[in-house]
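Subject: Structure handover and findings

Dear colleague,

Please find the structure below, handed over for your use.

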Amino acid sequence: MNRFLVLTTLLCLAFAVTASAGDKPNIIFILCDDLGYGDVKCLNPDGKIATPNFDRLAAEGMKFTDAHSGSSVCTPTRYGVMTGRYAWRSKLQSGVLGGLSPRLIEQGRLTVAAMLKAQGYSTHCVGKWHLGMDWVRTGPTEELNIEKAEQVNNVDYTKPITNGPTSVGFDTYFGISASLDMVPYCFIENDHVVANPTEKMKLAMNAGGRMSYTREGPGSPGFRGEDVLPTFTREAKKIVEAKAKQGAPFFLYMPLNSPHTPILPSEKWQGKSGISLYADFVMETDDAIGQIMKATEDAGIAKDTLIIVTSDNGCSPSADYPKLLAAGHNPSYNMRGHKADIFDGGHRVPFIVRWPAKVKGGQTSSQIVCLTDFMATAADAVGAKLPETAAEDSFSILPALLGESGKPVRQSVIHHSINGSFALREGDWKLELCAGSGGWSDPRPGSPGEKGLPVTQLYNLKSDIAEKDNVQSKNPEIVTKMTAELEQIVTSGRSTPGAPQQNAVTVVIRKPVPAAKPKAKKKVK
């Protein structure tokens, strides 16, 4: 028995199981990639992209209007979904992994998949992993960053991959290691590459300005980005149909590649929106969700299936905001910023839950929730008690779903931007420990526009959802109080009640302010 299984078994012995197998719902967690809050019609009535399946899911369940990803970029958010722990407690303090990066989830750390497996669930992952896995290397690759494209040749793809999804609790895996704008361009099944990416590759740009990936060589199979989302949908439906026949509870984690770049809607969806390829891709994403919903309905398990659909962060500027805004559509709705930013446009995300057996339809919740809350919610739903050493930042939202209590699920939530800037949200107040966006929108970190700005931002989101009026100078007592609270949550190693835990590294909550470059001296003639 390997080390992971031993540690998982020991952790699972600590669970207090109170629910019978018949009380345990099937659980499907669908994570869209770079889908903006304002891209979903039921959350943005002014939106111009049709999302009938999102809208039906909300009409038959509950939508949350104040839900947040654990980070404004993807890898750290995925870490939080899987572990119930903020990713800045790990060794990843900023940025994202690449497609060849090693495993990020620590050995022995309990994941939601391992927890559910211990409760009798079969566990399956279909989609974009982006949490690292250990490839057999023939040359150097980057440790914790997006690797250079030429490093695709520094791996032996004929050898099994270790420390991927099947090593952290999943029975099966089918997907891609990271985003489609990162090497390698191949599908992975369980622990091996389906097609060998050591063959020469090229990135082609067709006449429409859309990217496609192909392999060169006699008889070599092509890998087209357009085919990835339909393939994920097909594979996920197979799992739903097969597991429904078996009658035992299952967990399906479905992290999509869409509508992330490269923006590649399949041929049948191109032009459907009448707006842009990005809008087409959002519509195809909505259709994929509809197909999974229908699969549960056709199999007769919809009533007892808990479906959660959300996004890993806000919409990317690569979606072409000017073009979308010209059509009257704002992916960030009424919020400031977008993907990568500390502003709410970077991390406030769609979050819709359907569970007909337990959750009444047509409900809206304004509770502050975070995607790290999935772990505790899943445990609560199946009657498992989590050990103190796991899910340190996960709060169960089950009471909110069941309408059992009007009390806040959590008192606060910590936000994190791509460059590692921190923010704390508590009630209507949002404290940001940086002068600018912390990301890709203006004022960018270290930019001329950021210089001279206060190094702290404070906004009252009830009256200023667009984060335009920085009131930190008028409320020094709030700044002091919230800064101390943020420091306490960071240093204690957890935000949930329990014994203090250790962060993997020393966490610095305020990035150093870049020093201004000295002016060049005038030459004396």
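Predicted model: local features only at pLDDT ≥ 70, side-chain atom pairs only at ≥ 80, totals over all residues.

Residues are numbered from 1 along each chain as its sequence is written, and side-chain values use heavy atoms, with hydrogens and water left out.

Helices (H or I, at least four residues) and strands (E, at least two) are DSSP runs, numbered from the N terminus. Two strands are taken to pair if DSSP finds at least two bridges between them.

The open sheet and its surroundings

Four strands form an open sheet in the order β15-β16-β17-β18, and their pairing is antiparallel. The edges are β15 (413-416) and β18 (457-460); each has a single partner strand, so one side of each is left without a neighbour in the sheet. On average, neighbouring strands of this sheet are turned by 20 degrees against each other, direction ignored. Axes here are lines fitted to C-alpha atoms, for helices over the stretch in contact, and angles run from 0 to 180 degrees between N-to-C directions.

Within the sheet, β16 (residues 422-426) and β17 (residues 429-432) are joined by four bridges, and Arg425 stands opposite Lys430 in β17. Helix α10 (residues 476-491) lies across β15, β16, β17 and β18, at about 110 degrees to β16.

Ser412 is found in the loop between α9 (398-402) and β15. This residue is buried (under 20% relative accessible area, with exposed over 50% and partly exposed in between; 1.4 Å probe, protein chains only), its own value being 16%. Leaving aside residues up to four places away in sequence, Ser412 touches Leu424, Arg425, Glu426 and Ile489, contact meaning heavy atoms within 4.5 Å.

Strand β10

In β10 (residues 250-255), six of six residues are buried. Phe250, Leu252 and Met254 point one way, and Phe251, Tyr253 and Pro255 the other. In a regular strand the side chains alternate between the two faces of the sheet.

Strand β1 (residues 26-32) runs parallel to β10 and is joined to it by five bridges, with Leu31 opposite Pro255. Strand β4 (residues 122-128), also parallel to β10, is joined to it by four bridges; there Ser122 has Phe250 as its bridge partner.

Helix α6

Of the 22 residues in α6, 16 are buried. Just after α6, Gly300 takes a positive phi of about 75 degrees.

Yours sincerely
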